[in-house]
Amino acid sequence: MRTLLTNGSVYSPADPHATAIAFDDGVVTWLGDDTGASSYADGADEVIDLDGKLVTPAFVDAHVHTAQTGALLTGLDLAGTTSLTEALDRLAAFAGRLPEDAVIDGAGWDETKWPEGRPPTADELDRAGGGRRVYLSRIDGHSGVISSALMTATQGAGGGRLDGYDPSGRVERDAHHAVRDALSELIGADQRRLDIRAALNQMASKGIGAFHEMAAPHIGPLWELPLVREIAEELGLSATLYWGEPGVFEHVGTYGLAGLAGDLNADGALGSRTAALRAPYADRADHRGHAYLTAEQIAEHVIACTERNVQAGFHCIGDEALGNIARGFELAAEKVGIQALVAARHRLEHVEMVDEGTIATLARCGVVASVQPMFDGLWGGPDGMYAERVGDRWQGMNPFGSLARAGVVLAFGSDAPVTELGGWEAVRAAAFHHEKSERITVRAAFQAHTRGGWRAVGIDDAGVLAPSTAATYAIWQTDADLVVQTPDERVAAWSTDPRAGVPVLPDLSEGTPTCLRTAVGGRVIYEVEGWSQ
């Protein structure tokens, strides 16, 4: 089948001035200007006049929790609540529509946005939830609160409470993981299918054609992975699956994993105060978070994966955890050699409080940084949650510019449901980072959210529109000017000159483009009805 798109703007390094593009049987066969398009119109099954619309490679979301993202779409979403009272009111309204034996799996609350400045308690959940089994995850996914009906899930084998349990109903660490395990079995596969389908349809509507599923024992059960793959194949999205657990190499072949990576936690999260810090939290002077892995354990996992040609990777946020990561890779290099590490293309998730020495180690070892620009967009700046938790240290967080300048490959993702799905929002956040020295160009950010995601899984020739590449693309309606945006106005002035030959993207200070069509390998997976009429 041949599709020809004309009279638009095609984002391609192969031809920065292209206005037309042709796809044959899921592959780009030609791009150029409208004058040359006429020869490709003969025999085309579909010819669309874009009327000035933009065609780009589809986004890759390099860090998603699919079932949990869908649960927020189909269930109780507390993101954006402005007070504890509002959150409890939402819970009460939601619970009132459910039977008395229902399980409520909600998420998205952030007490730093509430005047009360604290999470709900079990007693409050009992009242608002009408005595139902209620679990509400904090927005970062590393702690939560539970109703009294779920308290038994926090008991260990000997009947005592697991680490991380608080009588108020707050759970973190082992207690939190145990609650998540119990919920997975209570919710069941039928509901998870609905959740996964909702998340994948949302991705497609946002111009996301591929995603990396970051599964782990503390997030959801292993049986969710085949459901994610099955429904992704049915809907047409490209899925790459990871399982964050060391030593389980038998799962790699059984579940078609790209690696034992992703959310294999070296520490927790700043919002929950479980990220491992070298110096105490600014708002809790007696606490430095929790490091879950030592440098030696990290090295052991990296070595074992490297020797089996499997990607290793870790969730790492705090500077203490990232120091352990750096030391772990240095120990691994002593055993297997730098070249073996580079060839394995291991990856790290989040990489937030990282110093220059650790960045140099990551660059030397060929590690990919899978990062989430919306973390800075939501919580960065002198008045944000980061500053509340770590004071002036927020200025060194999420250093996309420093990582890029050191040669570390960046792959952008959302960490949904922690932040919302949406590629352009992440690109904007990276280009307008709260710390000006860490900003990158819109073009570099866009590449990190398209080609970077493919490079993170070892595929270097995808994520661009050029002859012989896959027809994985999105079509966008935008009222913004197509420009080159960079942190340096002198660079921007030259780059927008036609002689520079730099492909242009929407001015993201003027709004967010709207997706009209998403296609993966030529298969249309999302389309706004009547957009091309």
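In which helix is the place of Arg389? Arg389 sits in helix H14, which spans residues 385–390. The views below show this residue and two other parts of a predicted model.

View A. Arg389 has a relative accessibility of 0%, so it counts as buried, the cut-off being under 20%. A polar atom of the Arg389 side chain lies 2.8 Å from the backbone oxygen of Gly271. Apart from neighbours within four places in sequence, the residues in contact with Arg389 include Glu111, Thr112, Arg138, Leu270, Tyr281 and Asp283. Gly271 is also one of these contacts.

**View B. An open sheet of five strands.** The strands follow the order S8-S9-S10-S11-S12, and their pairing is mixed. S8 (76–77) and S12 (170–172) each have a single partner strand because they stand at the edges, so one side of each has no neighbour in the sheet. S11 (residues 143–146) and S12 run antiparallel and are joined by three bridges. In one of the pairs, Ser143 has Glu172 in S12 as its bridge partner. Helix H5 (residues 173–187) lies across S9 (103–109), S10 (133–138), S11 and S12, and runs at about 100° to S12.

**View C. The contact of helix H2 with helix H6.** Two packed helices are described by the angle between their axes and the distance between the axes. The axes of H2 (residues 66–74) and H6 (residues 189–205) come within 7 Å and cross at roughly 90°. H2 is therefore roughly perpendicular to H6. Among the residues that meet here are Thr66, Ala67 and Leu73 in H2, and Leu194, Ile196 and Met203 in H6. The contact residues divide into nine nonpolar, seven polar and two charged.

Technical notes
Residues are numbered from 1 along each chain as its sequence is written. This is a predicted model: local features need pLDDT of at least 70, side-chain atom pairs count only at pLDDT 80 or more; totals for chains, interfaces and linings use all residues. Side-chain values use heavy atoms; hydrogens and water are left out. Two strands pair if DSSP finds at least two bridges between them. Helices (H or I, at least four residues) and strands (E, at least two) are DSSP runs, numbered from the N terminus. Contact means heavy atoms within 4.5 Å. Axes are lines fitted to C-alpha atoms, for helices over the stretch in contact, and angles run from 0 to 180 degrees between N-to-C directions. Angles under 35 degrees count as roughly parallel, over 145 as roughly antiparallel, 65 to 115 as roughly perpendicular and the rest as oblique. Ala, Val, Leu, Ile, Met, Phe, Trp, Tyr, Cys and Pro count as nonpolar, Asp, Glu, Lys and Arg as charged, and the others, Gly among them, as polar. Buried means under 20% relative accessible area, exposed over 50%, partly exposed in between (1.4 Å probe, protein chains only). A polar contact is a pair of N or O atoms within 3.5 Å; within protein, one must be able to donate a hydrogen and the other to accept it, and residues adjacent in sequence count only if both atoms are side-chain atoms.
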